Amino acid sequence: MNRFLPWGLLSLFALGFLLLFIAYPILGVLLRSFIGEKGAFSTEGFVIFLTQGRYLEALLNSIILGIAVTFICTLVGVFLAFIVARFEIPFSNIVFLLPLSVLIIPELISAQSWIMVFGNNGLITHLFDALGIPFPRFYGWFGLIYVMTLTYYVHIFLAALAALRGFDHSLEEAGQSLGTAPLPTYIRVVFPTILPAVLSSGLVVFTLVVGNFAISIALGQRVPLLSVLTYRSFISELGGNPTMQSTLAMVSILLVASVLFLQRWYISKRDYQMVAGRTPPRAKLKGWKSLLAGGSAGLIIVLSLLPAFVVLAGSFTYARGPVMYWGQFTLDNYTRILDFNLGVIGNSLRFASLATLFGVTFATLVSYLLVKKRNALSSTLDYLLLLPLTISGTVLGIALAQGFNSGPLVLTGTAAIMVLAMMLRRLPFGVRNASSNLHNISNSLEEASVSLGVPPGRTFFNVVLPLMAPGIAAAAILTWVTTVAELSASVVIYQAGQETLPIQIFRLISSDLMARASAFGVINMIIILVPVFFGIRVMKVKLFSS
Amino acid sequence: MTELVLGDIRKSYHHVEVLKGISRRIPDGTFFTLLGPSGCGKTTLLRVVAGFVAPTAGRVHFGAEDVTHVAPHRREIGMVFQDYALFPDKSVFENVAYGLRARRRPNDEIKRKVGEYLERVGLGGLSNRLPTEMSGGQRQRVALARALVIGPRVLLMDEPLSNLDAALRVQMRDVIRSLQLETKTTTIFVTHDQEEALAMSDQIAVMKDGRIDQCGAPDEVYRNPRTAYVSRFVGSANLLEARPMGNQTEEVGRFEVNGTIVTGRTMSEAADGRYLVVARPENLGIRKASGAPGEGEVAGRVRSLQFQGYRTSYRVVLCGGEEVNVETFGELAATPLGRGDEVIISFNDKCLFVPEASS
């Protein structure tokens, strides 16, 4: 039927795009991991991986780190959610800044700020030195777990909070009426029902930890980790034999994909649905209990927001080389940027706006095709859209760089590949945001418009697009936020002259130039904050509804 | 003003035939109702006329024009949906103006026509409201104005009243029917509510399993159902086994029902010789038992009754064990029998006989 052709063609276009820029590069990584130095089929990459101690050690370290961070995040997240949901605590409104803080403070800046506090030249480190107390080394397991926990616990907090809020209070009362005391009731009745949400967000945290690049490389010099090793293998072997990078990338893809698969399987098996009931009332706490609950929740919140202030202070602090002179204020760090590094800001703005523009347009189109115009290609599209979730930024960077450095389509080294990498990483989330309203738009709305004489294409723009607008705005803001902060993929593929703010910050941190890094960090956070603020305040976008 | 012709419309989804060859000529200006239970194909047929569903075979004509392959937005139809389908971000005025704007009519004409139609559906003065600020009945009025303001060749309505509460539904029947008569628009109305169908239509097509079982004016379909299915779906009917006495090819039939002889019309011949008697509740008489039942009468006992003022309905258990509904009106209704009373039920000559097989 030719009247359905436009949607079919667009599906075909979307499919082709994803096959070319996601499936093909990943397939390339898979194939190259089985090609030896001589160019023939070989398993030598995997043999090296399994026999040379450091690779296996890195894999094991990554898994241990993932488990540890997930576990502690679960404790912290569920604890905080429990307190926020059940008790009236002072300044509880500030809790709703937490999901924002994760958006506004990129992981790299979080790592940097904690190095400025606990690192070799850190504030607290110096304080302890002055008092003669030995301070535990921050670089390594302690620092990794600490910073990653503060970065990722919010995922579990939000999932647990939503589940607790949705919990029907009368179930709990039913438990109590049958003769159990409040706390045991809570544990026996409530925790099993929020478990699915917590577990599934926990698995997501695990994949984020395993794929994490920024914190891992900033704090993990003494702990070999899979993501850092993958990055190093690419940097040092660029132009040489790609077997090892592909092998490492493959191992990382397999690890993350299997965990994500586990998560999806778990969600599909446990389709628990709570009838939305009465939200339990929040109890007032008195005396030491109030102090304990409020204090510990407050501490978590302060620690989450602190990096922004540390970096802000650091950016105005005079420094000579790595040594920071706290208390001596200067504008030097900013004037240097104005004098020498405006291009970096320009790059960030340029790449991020292009990635946001293309990413959101593509996400809008695809979500419409997937929700409203399903056809034979739709389920393939669904699966292809999951692929970016299974690969870390580093691996995506390597896959793109390897996939498009020769052959008919050479992109490596161009600005296009930077934009592409940033856009692809966020695509699955963009589609989810854009389609959030779409499910509520009845098909009869479009049919009404068509019956009134407006062709299907124009109906989309007249009727559907305005109703999708809130979801599209959320997708645009979140895409912008993540692309402006993107490091792990772009640091693999950038060329001289294409440095973005995170790349510049990363290089300055590596040289231990924290004050200058802080100034870039503040600019980075402002660039993130402006559209977020504008979106939430002026356009009333709900960023965390889905 | 358009005559609508359906020529042997068929539609299959994955080898399941949901429309099994529907042919019908719907004269210009007719209010034509498709009546049937869910899954009978009535909505699919409506969507074929609208153009949202392409038929597997068959043709749709609007007047002389074959529109079978014309895209829906070029068919000049008006459509009213069960969920109203108002554009939630547009005001009432803009909703109604939507089709006129698509036709690039001049602004002053749009203003005049939208005002006129909002007035016609009784919503003058509400043109600046958003749909979310209106009641269900008001929303459906907007939808009706929006569909009619463009002067459609055919008006298509898909269960437009089923989301409204009972009182509003009765009121909206009137609004829709009056506007349809004023504009003389050929209308297809889909519903599963027989009362609606009887009250509003010029023609009712009772659908079953992708076919039209019977088509005719409301009183015709009610009085002369040709199948047990139609008798049950349009109005309520007592259906009892009937054994033919002699040859049943003639118009007037004699049957044995529950041990007594009943006469009435035979609607069509049963290939297997098995028949049912169709006795509307108002076609059964009821009186207190006194002596043995005569011809056309059966003894029974009142199991329950509902007194409703102008009428009383009884549930009566016949001596054979079957139950029937009986209704009495006026004087008779005013002096109801009691629960458990022994009664005599009499069949009058308005009873019909239909083949059992189709039910």
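This is a predicted model: local features need pLDDT of at least 70, side-chain atom pairs count only at pLDDT 80 or more; totals for chains, interfaces and linings use all residues.
**Exercise 1. Domains of chain A**

Find the domains of chain A and describe the side of domain 1 that touches domain 2.

Solution. 
- Step 1. Start with the bounds. Domain 1 of chain A is made of two stretches, 1-32 and 332-546, while domain 2 covers 45-315.
- Step 2. Taken over C-alpha atoms, their centres are 25 Å apart.
- Step 3. Count the residues in the contact. Domain 1 of chain A supplies 37 residues and domain 2 of chain A supplies 35 residues.
- Step 4. List the elements. On the side of domain 1, two or more residues each come from α1 (5-32), α16 (378-390), α17 (393-403), α22 (501-510) and α23 (514-538) of chain A. The most come from α23(A), which gives twelve residues.
- Step 5. Sort by class. This side of domain 1 of chain A has 26 nonpolar residues, ten polar residues and one charged residue.

**Exercise 2. Chain A against chain B**

Describe the side of chain A that touches chain B.

Solution. 
- Step 1. Count both sides. Chain A contributes 17 residues to the contact and chain B contributes 20 residues.
- Step 2. Name the elements of chain A. Helices α19 (443-451) and α20 (456-484) each give two or more residues. The most come from α19(A), with seven residues.
- Step 3. Sort by class. The side of chain A that touches chain B holds ten nonpolar, five polar and two charged residues.

**Exercise 3. A helix pair in chain A**

Decide how α20(A) and α23(A) are oriented to each other, and list the residues through which they meet.

Solution. 
- Step 1. Two packed helices are described by the angle between their axes and the distance between the axes.
- Step 2. Read the values. For α20(A) and α23(A) the angle is about 175 degrees and the axes lie 9 Å apart.
- Step 3. Apply the cut-off. Angles over 145 degrees count as roughly antiparallel. Helices α20(A) and α23(A) are therefore roughly antiparallel to each other.
- Step 4. List the residues. From α20(A) come Ala473(A), Ile477(A), Trp480(A), Val481(A) and Val484(A). From α23(A) come Asn524(A), Ile527(A), Ile528(A), Pro531(A), Val532(A) and Gly535(A).
- Step 5. Sort by class. The contact of α20(A) with α23(A) has nine nonpolar, two polar and no charged residues.

**Exercise 4. Overall figures for chain B**

Summarise the secondary structure, the extent and the burial of chain B.

Solution. 
- Step 1. Count the elements. Chain B has nine helices and 20 strands.
- Step 2. Along the principal axes, the C-alpha atoms of chain B fill a box of roughly 80 × 45 × 35 Å.
- Step 3. Chain B has 359 residues, of which 41% count as buried.
- Step 4. Consider contacts between residues at least 6 apart in sequence. In chain B, 67% of these join residues at least 24 apart.

**Exercise 5. Strands of chain B**

Work out the strand order of the five-stranded open sheet and of the five-stranded closed barrel in chain B, then describe the hairpin of β9(B) and β10(B).

Solution. 
- Step 1. Order the open sheet. The strands run β15-β19-β16-β17-β18 (chain B), with antiparallel pairing.
- Step 2. Seven bridges connect β16(B) and β17(B), and Ser304(B) has Arg315(B) as its bridge partner in β17(B).
- Step 3. Look inside the barrel. Strands β12(B) and β13(B) run antiparallel and share six bridges; Phe255(B) stands opposite Val262(B) in β13(B).
- Step 4. Turn to the hairpin. Five bridges pair β9(B) with β10(B) in the antiparallel sense, and Val206(B) stands opposite Gln214(B) in β10(B). Two residues lie between the strands, and Asp209(B) in the turn has a positive phi of about 45 degrees.

Terms used: Residues are numbered from 1 along each chain as its sequence is written. Chains are lettered from A and ligands numbered from 1 in the order in which they are written. Domain bounds come from an automatic or database domain assignment. Two residues are in contact if their C-beta atoms, placed from the backbone, lie within 7 Å. Helices (H or I, at least four residues) and strands (E, at least two) are DSSP runs, numbered from the N terminus. Ala, Val, Leu, Ile, Met, Phe, Trp, Tyr, Cys and Pro count as nonpolar, Asp, Glu, Lys and Arg as charged, and the others, Gly among them, as polar. A residue is buried if 20 or more other C-beta atoms lie within 10 Å of its own, exposed if 12 or fewer, and partly exposed in between; C-beta atoms are placed from the backbone. Two strands pair if DSSP finds at least two bridges between them. Axes are lines fitted to C-alpha atoms, for helices over the stretch in contact, and angles run from 0 to 180 degrees between N-to-C directions. Angles under 35 degrees count as roughly parallel, over 145 as roughly antiparallel, 65 to 115 as roughly perpendicular and the rest as oblique.
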